[in-house]
Amino acid sequence: MRVLRVSRALQATGASSFNPLKCQSARLLAATRAVPASNSASTVRHSVSASGRMFTTSRILGSVAAQEALRMAQADSANLTPEAVAAKMSPEEALRLSRVRNIGIAAHIDSGKTTVTERVLFYTGRIKAIHEVRGRDSVGAKMDSMDLEREKGITIQSAATFADWNKVEDGEEKQYHINLIDTPGHIDFTIEVERALRVLDGAVMILCAVSGVQSQTITVDRQMKRYNVPRISFVNKMDRMGANPFKAVEQINTKLKIPAAAIQIPIGSEDEFQGVVDLIEMDSIYFEGPRGTKVRRSPTIPPTLVEMAKEKRQELIEKLADVDDEIAELFLEEQEPTKEQIKAAIRRATIGLKFSPVLMGSALADKGIQPVLDAACDYLPNPGEVPNLALDRSQGEKEVGLVPYNSLPFVGLAFKLEENNYGQLTYMRVYQGKLRKSSYLFNSRTNKKVRIPRIVRMHSNEMEDVSEIGAGEICAVFGVDCASGDTFTDGNLPYTMTSMYVPDAVMSLSIKPKKSSDADNFSKAMNRFQREDPTFRLHVDPESEETIISGMGELHLEIYVERLRREYKVDCVTGQPRVAYRETISSKADFDYLLKRQSGGPGDFARVAGWIEPAETDENVFEQQVVGGAIPEKFISACGKGFELSCEKGPLLGHKVLGVKMVVNDGATHVTDSSDYAFSQATQFAFEKAFKESGGQVLEPLMKTTITAPNEFQGNVLMLLNKRNSTINDTEIGTEDFTIVADCSLNSMFGFSTQLRAATQGKGEFNMEFSHYAPAPPHLQKELMLKYQKELEAKRTQK
């Protein structure tokens with residue numbers, strides 16, 4: 001009976017929020033406490049049946065256990081680690097994840113990225129024929145889908161594709177699923193590389209066998225380090241004259257400061273390049289048949305290369321001993337590591353960002369590409385082996401790990417936007433959970449719920465519809481309105497991903513459509529380009545009313561102007577933007593101005609007297625020292641307004657006026673003809689007349705310019721700055737690079753980015769920020785004033 005009373009009391013007290021599960025637990029707890037241990041079970045059964053409930057003890061105990069399990073699961077979910085999930089992961093899920101690779105191909109301009117990608121697609125069966133980047137068949141490489149890319153022979157947009165590679169392991173074929181992104185090499189399109197590396201798990205860094213590490217290789221290396229992307233290196237163009245892959249390996253170690261060693265050596269070089277010797281297996285690989293499709297492994301190494309192969313293998317083991325403990329122990333004990341130990345060490349060190357294995361071949365000659373695919377599967381991580389972090393907004397943006405497990409709540413990142421015939425295409429990397437067609441997602445930035453109507457896998461500019469995408473994969477979705485870098489969740493997690501680094505624009509152009517009828521298409525195009533490319537910026541200059549576009553360089557902006565013409569049929573006129581000059585005075589000048597106009601009826605009458613002089617700061621100051629009521633109080637404010645209007649549009653160039661003080665100390669009024677308007681006009685005319693008498697001059701904006709380049713180009717950079725009459729404020733010389741801080745006139749900096757790249761072999765970088773205004777050179781002031789007068793006369797004649 002005691003149990004019944006407890007249960008009824010619980011029902012009475014908790015009637016408003018009655019939870020049957022809680023009551024079951026409470027009854028069971030009360031029952032077990034209320035009776036002696038000897039007959040507890042029988043009393044519980046009796047009490048439960050007496051209350052009219054049809055539960056058995058086992059059911060109640062089961063519900064309590066379920067609740068406890070749920071509570072523990074919620075507690076554990078916060079502490080999920082990749083290792084913990086991997087331990088609980090089903091064998092099928094673990095196998096799927098271990099066979100996925102998200103890789104990018106990045107390198108300096110013209111190192112052969114797109115050519116390598118073309119071979120990868122051919123050997124994996126994604127395309128039926130190979131077409132060259134600047135091929136004579138007018139087809140062009142698959143991944144260069146834009147007409148502009150095919151004409152210029154360059155990659156402008158990063159292109160995504162996927163392929164399945166059948167790799168032979170222990171005598172049996174295993175299929176790996178590879179998501180591949182081909183990236184541009186030009187620094188103008190650096191954002192494409194930036195956002196590709198943000199979502200990739202590994203990369204293939206391509207180097208030229210002749211040039212080795214070049215300027216953009218260093219930039220790409222910096223980006224890979226920023227996002228902690230493991231890489232394997234591929235020395236391409238082994239069939240070129242002067243090819244020296246070991247110079248490239250040495251430069252990776254010295255210039256990029258990454259321990260690297262060759263895992264292959266070439267058989268022949270230049271036009272006699274035939275294949276490679278595998279230093280791990282110690283056998284030869286030849287590429288035969290049409291387009292090198294047949295890979296033949298020979299257990300014998302050419303006699304001339306046996307000694308070199310042994311020497312380079314020893315170098316590989318020594319380099320691995322520096323970065324891997326297991327190999328270091330074997331090395332110290334003077335034991336020879338096995339093939340499996342070497343492969344495992346390369347994989348550990350590569351994923352740990354301590355090492356880069358170097359392969360070699362020639363993409364154009366169809367040699368050495370298949371081993372690169374094998375190496376990507378062997379040494380680059382699967383999505384579960386890379387730490388991916390999100391920020392938990394409910395815990396003050398605390399970093400939390402994401403686990404590529406299908407059954408966990410969804411987290412994905414929109415890393416690239418593209419417009420096509422079907423609308424906006426959003427490229428998305430799935431970090432956690434599964435994405436299904438027709439499901440709903442939440443945008444973490446806008447908190448809006450969006451439906452996913454269509455999911456596709458991309459193959460350059462073609463697409464393949466799929467119903468769902470698993471964790472760790474890359475796909476594209478339609479019909480999602482978002483910005484580049486937005487995080488999507490299923491609404492259960494308050495997570496947001498860290499954004500990618502967007503460099504500042506370095507160059508600007510003024511732009512306007514030739515025909516006013518094209519204004520609609522022009523604004524559509526500008527909105528689209530800004531959404532797609534975070535480095536492309538647009539603003540309207542409030543002074544000159546010109547539309548100014550800014551980007552990463554001349555080529556970057558030139559491509560967008562060309563795309564306007566081709567994709568939107570809008571012809572544009574471009575030019576240098578108008579520099580925001582300022583005007584000021586250098587000495588004091590008195591004024592006494594009488595405005596007297598009669599036009600039948602009430603006229604205008606106002607007299608103002610006083611002086612103007614340079615102010616102590618850059619602010620403009622108006623002061624009245626009128627005594628005896630010569631100008632009534634109500635007209636003084638009109639004089640102040642007239643002064644402000646004069647400062648908005650200076651008399652020399654029509655630009656703003658800086659650092660002028662105007663003092664009004666006398667004047668006169670008329671009983672009927674004086675008004676606010678008359679005093680405002682009189683002040684403006686007085687200001688214009690006095691301005692020219694007080695040594696009016698033009699000020700130009702000086703930019704604080706910071707230039708960084710390798711030490712050997714110091715003379716070239718100084719010469720460039722001297723030509724621009726720059727003032728050098730600071731020079732810092734490091735072991736390899738030097739940095740110069742100088743004040744440069746903005747007017748002289750147009751085209752500087754191109755000239756700096758030419759003077760430093762593309763290795764120099766610079767950024768500018770506004771510093772202050774200073775008087776422009778006298779000859780420039782005269783030119784600008786003459787030009788302004790001509791513009792005014794032209795406007796008058798048009799009227």
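The model is predicted, so local features need pLDDT of at least 70 and side-chain atom pairs count only at pLDDT 80 or more, while totals for chains, interfaces and linings use all residues. Residues are numbered from 1 along each chain as its sequence is written, and side-chain values use heavy atoms, with hydrogens and water left out. Helices (H or I, at least four residues) and strands (E, at least two) are DSSP runs, numbered from the N terminus.

**Strands and sheets**

- An open sheet is formed by four strands in the order β7-β8-β9-β10, with antiparallel pairing; two strands pair if DSSP finds at least two bridges between them.
- The edge strands are β7 (264–267) and β10 (294–298); each has a single partner strand, so one side of each has no neighbour in the sheet.
- From one strand to the next, the twist averages 30°; axes are lines fitted to C-alpha atoms, for helices over the stretch in contact, and angles run from 0 to 180 degrees between N-to-C directions.
- Within this sheet, β8 (residues 275–278) and β9 (residues 283–288) pair in the antiparallel sense over four bridges, and Val276 stands opposite Ile285 in β9.
- Elsewhere, β35 (residues 727–733) and β36 (residues 737–745) run antiparallel and are joined by six bridges.
- These two strands, β35 and β36, form a hairpin with three residues between them, and Asp730 stands opposite Val741 in β36.

**Helix α19**

- Several residues of α19 are buried, among them Phe679, Ala682, Ala686 and Phe687; buried means under 20% relative accessible area, exposed over 50%, and partly exposed in between (1.4 Å probe, protein chains only).
- The buried residues of α19 pack against β29 (582–584), β30 (589–597), β31 (604–614), α18 (633–648) and β33 (660–668), where contact means heavy atoms within 4.5 Å.
- Just after α19, Gly695 takes a positive phi of about 70°.

**Cysteines**

- A disulfide is a covalent bond between the sulfur atoms of two cysteines.
- Zero disulfides are found in a search of the whole structure, counting pairs of cysteine sulfur atoms within 2.5 Å.
- Cys208 is buried at a relative accessible area of 3%, and Cys482 is buried at 4%.

**An annotated region**

- UniProt lists residues 306–333 as "coiled-coil region" in an unreviewed entry; positions are given in the numbering used here, feature names are shortened, and annotations may be inferred rather than shown by experiment.
- In the model, residues 306–333 are 93% helix and 0% strand, with end C-alpha atoms 25 Å apart.
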